Amino acid sequence: MGCSIVGAVKTTVEIPDALFAEAKLEAARRGVTFKALIEEGLVQVLRPDGAGHDFTLPDASVGGRGAREWHSLSHDERLALIYDT
C-alpha cells in the first residue's frame, strides 16, 4: 500500500458489530485483508492530501512518435500544423 512504517503495533479497538461485518465484506470484495483495509482507511483520514498513496496515471498513449516528432519540425512547420495552413 505504500505506507512507510518501520515497526508495527498490535492494538485492540472496539467497533460496532455491523461496522465490523461491513468492513470484512468490503475487504473481501477488494481482495485485501481486514488489516489492509483498516490501514488504508487510517492513511486516508490522517493524510487527506494523498501523501503516502501510490498513484499511477493510466496509459493514455495515442501512438505516433510523440514529442520527438514535434521537435524534429521547423518553426514554420509547427505553425503550419497549429494553424492548419
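What share of the 85 residues in the protein is buried? Buried residues make up 5%, where buried means under 20% relative accessible area, exposed over 50%, and partly exposed in between (1.4 Å probe, protein chains only).

Before you start: this is a predicted model, in which local features need pLDDT of at least 70 and side-chain atom pairs count only at pLDDT 80 or more, while totals for chains, interfaces and linings use all residues. Residues are numbered from 1 along each chain as its sequence is written, and side-chain values use heavy atoms, with hydrogens and water left out.

**Whole chain**

Show the cartoon. The protein has four helices and zero strands. Along the sequence the pattern reads α-α-α-α. Helices (H or I, at least four residues) and strands (E, at least two) are DSSP runs, numbered from the N terminus.

Now the contacts, meaning heavy atoms within 4.5 Å. Of the contacts with a separation of 6 or more, 38% are between residues 24 or more positions apart.

**Stop 1: Phe-20 and Phe-34**

Select both rings. A search of the whole structure finds one aromatic pair. Phe-20 and Phe-34 form that pair, edge-to-face, with 5.2 Å centre to centre and 65° between the planes. Rings of Phe, Tyr and Trp (its six-membered ring) pair if their centres lie within 6.5 Å; planes under 30 degrees apart count as stacked, over 60 as edge-to-face and the rest as tilted.

What does the pair tie together? Phe-20 lies in helix H1 and Phe-34 in helix H2, so the pair links parts that are 14 residues apart in sequence. Phe-20 is partly exposed, at a relative accessible area of 38%. Phe-34 is also partly exposed, with 25%.

**Stop 2: Lys-24**

Stay on helix H1, where Lys-24 has its place. Lys-24 is partly exposed, with a relative accessible area of 41%.

**Stop 3**

Select Ile-15, Leu-19, Ala-23, Glu-26, Arg-30, Leu-37, Ile-38, Glu-40, Gly-41, Leu-42 and Gln-44, which line the second largest pocket. About 230 Å³ of space lies there. On a 1 Å grid over the protein atoms alone, a pocket is an open set of points where a 1.4 Å probe fits, with protein on both sides within 12 Å along at least five of seven lines; lining residues have an atom within 4 Å of a point. Grid points are joined across faces, edges and corners, and a volume is the space filled by probe spheres set on the points.

Which helix gives the most to this lining? H2 does, with six residues. Helix H1 (17–30) and helix H2 (34–46) each supply at least two.

Colour the lining by type. It divides into six nonpolar, two polar and three charged residues. Ala, Val, Leu, Ile, Met, Phe, Trp, Tyr, Cys and Pro count as nonpolar, Asp, Glu, Lys and Arg as charged, and the others, Gly among them, as polar.

Pick Arg-30 from the lining. Arg-30 is found in helix H1 and is partly exposed, at 41%. Leaving aside neighbours within four places in sequence, Arg-30 is in contact with Leu-37 and Glu-40.

**Stop 3: helix H4**

Select residues 75–83. Then step to Asp-84. Just after H4, Asp-84 takes a positive phi of about 55°.
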